[in-house]
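Student: I would like to go through this model term by term, setting each value against the definition behind it. Could we begin with the charged side chains?

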Amino acid sequence: LAQINQGYGTSSVATVYNAVSEVTETAASIGNTGSFNADGALLDLAIDQNNLGGQTSNLVTIQNMVAEATSTAASIGNSLAVEMPGGSKLTATQSNSGTMIADLTGMIASTVDYTATAASIGNSYALTSLDSGIAGNVSSSLNQWNGAGQIAKVTANIAASTNAAATAAAIGNSVSINVE
């Protein structure tokens with residue numbers, strides 16, 4: 001699999017909520033994404049993801065009397081998630097040279113639970129090795145290269161709320177490996 005993105009991506013969400021029980025809103029801009037899930041078949045994968053364009057996500061929200069709310073602005077150059085059984089092989093290269101910008105602005109009042117996240121990631125790789133106790137582990141080789149900036153920003157005005165959490169994360173390269 002080869003994925004090449006040369007263009008700029010932009011996603012925008014602008015919302016106003018009043019007296020709503022649950023709200024989930026997401027603005028996401030992704031250069032390349034791949035997802036593989038093989039429960040019972042051995043895989044031998046070679047994956048190359050190359051993002052050259054900047055990705056920008058903007059989310060602006062005004063909320064009043066919302067019981068539970070989650071707001072997410074995410075910009076990702078390359079994303080790869082693989083679940084495969086032990087004995088499989090994976091070789092992957094992720095290269096990002098586009099700037100990632102995630103910007104979330106919120107005015108929140110009288111909310112019970114509110115979570116705000118702005119995340120900008122150059123390269124993200126998640127591997128789950130299934131049935132490793134029976135078939136052995138997955139063989140994986142990964143090369144990540146990030147040559148651009150990541151900018152994440154949360155600006156929140158939260159009043160008269162019970163629980164609130166805000167996270168801004170700017171990550172060049174991310175790897176997560178889970179063996180089951």
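Tutor: The side chains of Lys153 and Asp103 meet in a salt bridge, with 3.6 Å from N to O. This is a predicted model, in which local features need pLDDT of at least 70 and side-chain atom pairs count only at pLDDT 80 or more, whereas totals for chains, interfaces and linings use all residues. Residues are numbered from 1 along each chain as its sequence is written, and side-chain values use heavy atoms, with hydrogens and water left out.

Student: Why is the meeting of Lys153 and Asp103 called a salt bridge?

Tutor: The term requires a side-chain nitrogen of Lys or Arg within 4 Å of a carboxyl oxygen of Asp or Glu; the N to O distance for Lys153 and Asp103 is 3.6 Å, so the pair qualifies. A search of the whole structure finds one salt bridge.

Student: What makes this pair a tie between parts that are apart in sequence?

Tutor: Lys153 belongs to strand E9 (residues 150–159) and Asp103 to strand E6, so the pair ties together parts that are 50 residues apart in sequence. Strands here are DSSP runs of E with at least two residues, helices are runs of H or I with at least four, and both are numbered from the N terminus.

Student: What makes Ser11 buried or exposed?

Tutor: Ser11 has a relative accessible area of 12%, so by the same cut-off this residue is buried. Ser11 is found in strand E2 and, leaving aside its neighbours within four places in sequence, is in contact (heavy atoms within 4.5 Å) with residues including Ala27, Thr56 and Asn58. Of the 180 residues of the protein chain, 41% count as buried.

Student: Why is a set of residues called a nonpolar core, and which elements give two or more residues to the largest one?

Tutor: The name applies to a set of buried Ala, Val, Leu, Ile, Met, Phe, Trp, Tyr and Cys residues joined through side-chain atoms within 4.5 Å. The largest such core has twelve residues, among them Val23, Leu59, Ile108 and Tyr114. Two or more residues come from each of strand E2 (9–37), strand E4 (55–85), strand E6 (100–109) and strand E7 (113–130), and E4 gives the most, with four residues. Apart from this core lies another, of ten residues, among them Met84, Leu90, Leu127 and Val138.

Student: What makes strands E1 and E8 the edge strands of their sheet?

Tutor: Four strands form an open sheet in the order E1-E3-E5-E8, with parallel pairing. Strand E1 (2–5) and strand E8 (139–146) are the edge strands, as each pairs on one side only.

Key:
Two strands pair if DSSP finds at least two bridges between them. Buried means under 20% relative accessible area, exposed over 50%, partly exposed in between (1.4 Å probe, protein chains only).
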